[in-house]
Amino acid sequence: MTKSPAIIDLAEWLRTPAGRYLLAWEQQHLDRAVVDVFGFHALQVGLPALEALQANRMPHRWLCGDGSAQMLRCGPDGVPQPVAVALHCDFDALPFDSQSLDLVVLPHTLELARDAHLALREVERVLRPEGRVVIVGFNPASLWGLRQRLGHLRRGVGLRKQDPLFLPSAGDFIGYRRLRDWLRLLSFEVEAGRFGCYRPPVRTERWLARYEWTERAGDRWWPVFGAVYSLTAVKRVRGMRLVGLVRKERAKAKTAPAVVAHNHRGIAGSIDRDGS
């Protein structure tokens, strides 16, 4: 079966000028985000084109893929090369014990997962208390996201169906605030958040270079409108506290009356001495 020219997946898109620009920003940001995260076990879930754990110093680091496509990464000469993947599994069924990992990185993983809620809940299961998750995703509230929505609208009304979308067509982009709410419901505490890639959605290297000045201006004047965002969150486990009936029963047990023992022999002896 031939693939329509309008369909483009993430791996192919990352080899375009805009994709290389975004990949370079994400690589630089993730290197800073994971370099000081300590522990023993770290996992990158998806997107082998990105070396998300290369700056981390944990002794055990794995790359996990879903096996849906060939795992490729561009080499120094720009030619795609196969990547050795340690695990092939579903993102919502990770083959790790509960509370066994110290760091999990999700580069555009939730956008491509079958169920983003289940995938994030699975990450919460495998992380140790105080473990960290780093999430990278496209920002729908950006110029890139706006162009993507306009492309979908044109297709919906039957205009330019053969024109490719600017961003990958697969996946569901998740907003920054929406993702923060999901993390909060799973007892994660957001430690850091960052936006990046402020250049307009253009396709060529020439136009991307022309808009280089928007990186500095965007970071200062419109920081939440970057094309991509990153979140770092810490898994918190609260201490247990007794409430309700259990707490009342403990209070009653502490205030139980003391039992008085009477020495009948001593009392009888004292009565005989008084009567004699």
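In β6, L43 has V104 as its bridge partner. The model described here is predicted. Strand β1 covers residues 41-45, and because four of its five residues are buried, the strand is largely enclosed by the rest of the structure.

Strand β2 (residues 60-65) also pairs with β1; the two run parallel and are joined by five bridges. Within this pairing, A42 stands opposite R61, and Q44 stands opposite L63. Strands of a sheet pair through backbone hydrogen bonds, in either a parallel or an antiparallel arrangement.

## The sheet

In what order do the strands of the open sheet lie? Its seven strands follow the order β5-β2-β1-β6-β7-β9-β8, and the pairing is mixed. The edges are formed by β5 (87-88) and β8, each of which pairs on one side only.

Strand β2 contains C64. Its relative accessible area is 1%, so C64 is buried. C64 and V45 are separated by 19 residues in sequence, yet their C-alpha atoms are 4.8 Å apart in space.

Helix α6 spans residues 176-185, and its buried residues are Y176, L179, W182 and L183. These residues lie on the same side of α6, because they cover an arc of only 120 degrees around the axis. An α-helix has 3.6 residues a turn, so residues three or four places apart point the same way. On the other side of α6, R177 and L185 are exposed.

## H29 in helix α2

H29 sits in helix α2, which covers residues 17-34. Is H29 buried or exposed? Its relative accessibility is 10%, and residues under 20% count as buried, so H29 is buried. Leaving aside residues up to four places away in sequence, H29 touches R194 and S230.

## The chain as a whole

The chain has ten helices and nine strands. Of its 276 residues, 41% count as buried. Among the contacts with a separation of 6 or more, 68% come from residues 24 or more positions apart. The chain exposes about 16600 Å², and carbon and sulfur atoms supply 56% of that area.

## Confidence

The mean pLDDT of the chain is 82, and 76% of the residues reach 70 or more. Over residues 1-7, pLDDT stays under 50. For this stretch the model has 13 contacts beyond four places in sequence. Where pLDDT is low, the predicted coordinates should not be read in detail.

Definitions and conventions
Residues are numbered from 1 along each chain as its sequence is written. This is a predicted model: local features need pLDDT of at least 70, side-chain atom pairs count only at pLDDT 80 or more; totals for chains, interfaces and linings use all residues. Side-chain values use heavy atoms; hydrogens and water are left out. Buried means under 20% relative accessible area, exposed over 50%, partly exposed in between (1.4 Å probe, protein chains only). Two strands pair if DSSP finds at least two bridges between them. pLDDT is the predictor's confidence in each residue, from 0 to 100. Contact means heavy atoms within 4.5 Å. The arc is that of the directions from the helix axis to the C-beta atoms. Accessible areas come from the Shrake-Rupley method with a 1.4 Å probe; for residues, only the protein chains shown count as cover.
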